[in-house]
Amino acid sequence: MSNNKKQKLRDLDPFFKREKERYPQPLPSREYILQILKQQGIPIAERALYKLLSITKKEQALFNRRLVAMMREGQIFRNRKDDICVMEKLNLIKGRVQGHPDGFGFLIPDDGSSDLYLSAKEMHKVLHGDHVLVREIGLDRRGRREAAIVEVLESENTQLVGRLHIDHGILFVVAENKRINQDILIAKEHSLKAKAGQVVMVEIIQQPSKHAQPIGKIVEILGNYTAPGMEIEIALRKHDLPYEFSAEIDQLSAKFPKSVRKKELTGRRDLCQLPLVTIDGETAKDFDDAVYCEKDGKGYRLYVAIADVSHYVKPRDTIDREAFNRGNSVYFPRRVIPMLPEVLSNGLCSLNPNQKRLCMVCEIRFKTGGEIIDYSFYPAVMLSHARLTYSQVAAMLADDCCSEALEYSELLPHIQLLEKLFKALLKARKKRGAIDFETTETQMFFNDQGKIEKILPVQRNDAHRLIEECMLAANVCAADFLQRNGQTTLYRIHESPVPEKIEALRNFLKEFGIPLGGKNKPSAKDYAQTLLKIHGRPDAQLLQTVMLRSLQQAIYSPDLTGHFGLAYDAYTHFTSPIRRYPDLLVHRAIKAVLNSEIYQPGDWSALGQHCSMTERRADDATRDVEAWLKCFYMQDKIGECFDGVISNVTGFGLFVALDNVYVEGLVHISDLPSDYFHFDAVKHTLLGERSGKQFRLGDRIRVQLVRVDLETSKIDFVLATAAKKGTRPKATASGNAKKPR
């Protein structure tokens, strides 16, 4: 074919101009390839497609790479004859595999349609997280859509962490991620001489198939399962958390100055004489924020100074890319995985006392009632006049003659003024109708071996709430500033509850004679008023728990849909750029507006999804670590009885949270008194068919600890009365090896 004829054919591609701009040797676009395939009406051979699109021999390698990419994304598919088909014409469904610890799984479709059930037989071909094509094959016995795996588009797992087991000379690794139900076979020559029971990292060298288990090789031996800190090492790898900075970042970190340089002060307000202070927890090492309050006529003027991370971390530089990958700092018990290198997180960016630091300031003027009059943002240099803890500030506010008040006597009037502003902000919060759930946070205390010695509740005082209200005010101003100036940003959004959950909540509250205002669309104020009505009731914890579970999860998004729980029309995160990437983006956006520029870091929606994912990833990892530590803590308490409250009711049993121990475990439905128990999701109960015995969310209950399983981080209880009658097998602490599956 002549070049002219070939060129004319390429000109028919509606996206040819785009491809020409992107590549020196433009190929037919994906859209045009799909158009040609659809026009044929039947699957066609690869060589026939070459001919249709005039692909030369020199272009075939590049063109094949494009076809592979299209297959990986589920746009096209090769059938058994190796012909190329348009995937949407085959009625195949593309999605992610979600494994279940019991061996079966689900396909979560990419198009958002309902999940499809994958039997244990189908799950044998894949691993949790794999991107696959499936064909719907009907309904399973429970009436769920069921699917069969057609093709694995992309294998998610290349490495995983697990424990090595040896059974009759066969080596295999059991993944710590219990959604991965297949054991990874290991050849002896690929074992690194690891011992049975040790925690290892495995590289998968052969993915599972219809007829074979996955095969791997050990690439790292982490150590013994119960070694101090091993639970964190496992969680880091299990959840794919970046935890080591590269040599390049170490080299860049060494180039940062030890202190703020003179030339960096240009264009900044000097606030060093302003008695700003940091107020944080006793164990905090990175200080994002400092505050100061003064009278402003009859109202108040609040200064919220936030570490200017954006001055040091530039868009798309090496440290920025790593911060983006991490998304946030991760706070494990006794260990932090920082978002930024220590030279920044604990050094140059941390608002340490008596050291000049660069900052971004939100200066806010309030009326006496706590309403915002106006605000301004600007870069500044500051000097923290003291590093105060919540307990110190609480003591100073309770007694102005205490030792802390005497030590910081020059700062005391400013702290007292902060308290007055805080009380005004609380009134404004109530007037606004923000939801204020009463929750109990706990802190673990460890022995020298790194294991839990005790778990105690964290006592929140007015100092905690004071700082929280100051940060909320600054975040609201940041959102309003960017919105008013037309600068896209990542908002912290919390959408209204979905209608189904509102209806279920209303039906539940009716059982107790409690109304929820707002008809079909209750506001945060309606929730807040209901919380006031139930305050002080003996069943308040039950009612609050059900109300809390009706709410959605907060996420990051460029869509301005407001924050339901806080009752804000616009809200963002501005106050923690040392430990949250969205805050760093917000700082850059604010600076862009101040410089009459527009900040565009890329696809804002994709950024929001990524930051929401890293937040969930960190929560999952810390939850895993805490669950394992609590299991280890309970090992020597098997056989003991405890009082607690039913914290969750499911179709398979009751979860019980123990009083004063702050550990949760399961009473399985089979361990309830002899009866057929039926689960009522609306009333959150298990009801005995014959006896009428009812177990309800929030009920007090006495249980006996009978089993602790370190491998699954599960704790099992039985009812204390049932235990006395000997209805349960001998109690055990589990950690036994499994046989290959």
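These legends walk through a predicted model, from the whole chain to a few close-up views.

**Figure 1. The whole protein at a glance.** Let's start with the overall build: 21 helices and 34 strands make up the secondary structure of the protein. With 741 residues, the protein has a radius of gyration of 30 Å, close to the 27 Å from the globule rule, so it is as compact as a globular protein of that length. Buried residues account for 51% of the 741. Among contacts with a separation of 6 or more, 64% join residues 24 or more positions apart.

Figure 2. You will find 108 positive and 96 negative charges here, and their mean positions lie 4 Å apart.

Figure 3. Take a look around Leu302: leaving aside neighbours within four places in sequence, its contacts include Tyr292, Cys293, Cys362, Phe366 and Cys470. Glu363, Ile364, Leu418 and Leu421 are also among the contacts of Leu302.

**Figure 4. Helix 17 and its neighbours.** Here the view moves to helix 17 (residues 524-534), whose buried residues are Ala524, Asp526, Tyr527, Ala528, Thr530, Leu531 and Ile534. These buried residues pack against two other helices, helix 16 (499-510) and helix 18 (540-549). After helix 17 comes Gly536, with a positive phi near 90 degrees.

**Figure 5. Ala592 in helix 19.** Our last stop is Ala592, which sits in helix 19 (residues 581-594). Its relative accessibility is 5%, and because buried means under 20%, Ala592 counts as buried. Beyond its neighbours within four places in sequence, Ala592 is in contact with Gln487, Glu597, Ile598 and Tyr599. For a sense of distance, Ala554 is 38 residues from Ala592 in sequence, and their C-alpha atoms are 26 Å apart in space.

How values were computed
Residues numbered from 1 in each chain as written. Predicted model: local features only at pLDDT ≥ 70, side-chain atom pairs only at ≥ 80, totals over all residues. Heavy atoms only, no water. Helix = DSSP H or I, 4+ residues; strand = E, 2+ residues; numbered from the N terminus. Buried < 20%, exposed > 50% of the residue type's maximum accessible area, 1.4 Å probe, protein only. Contact = heavy atoms within 4.5 Å. Rg over C-alpha atoms; globule rule 2.2 N^0.38 Å. Lys, Arg positive; Asp, Glu negative; His and termini not counted. Charge placed at Lys NZ, Arg CZ, Asp CG, Glu CD.
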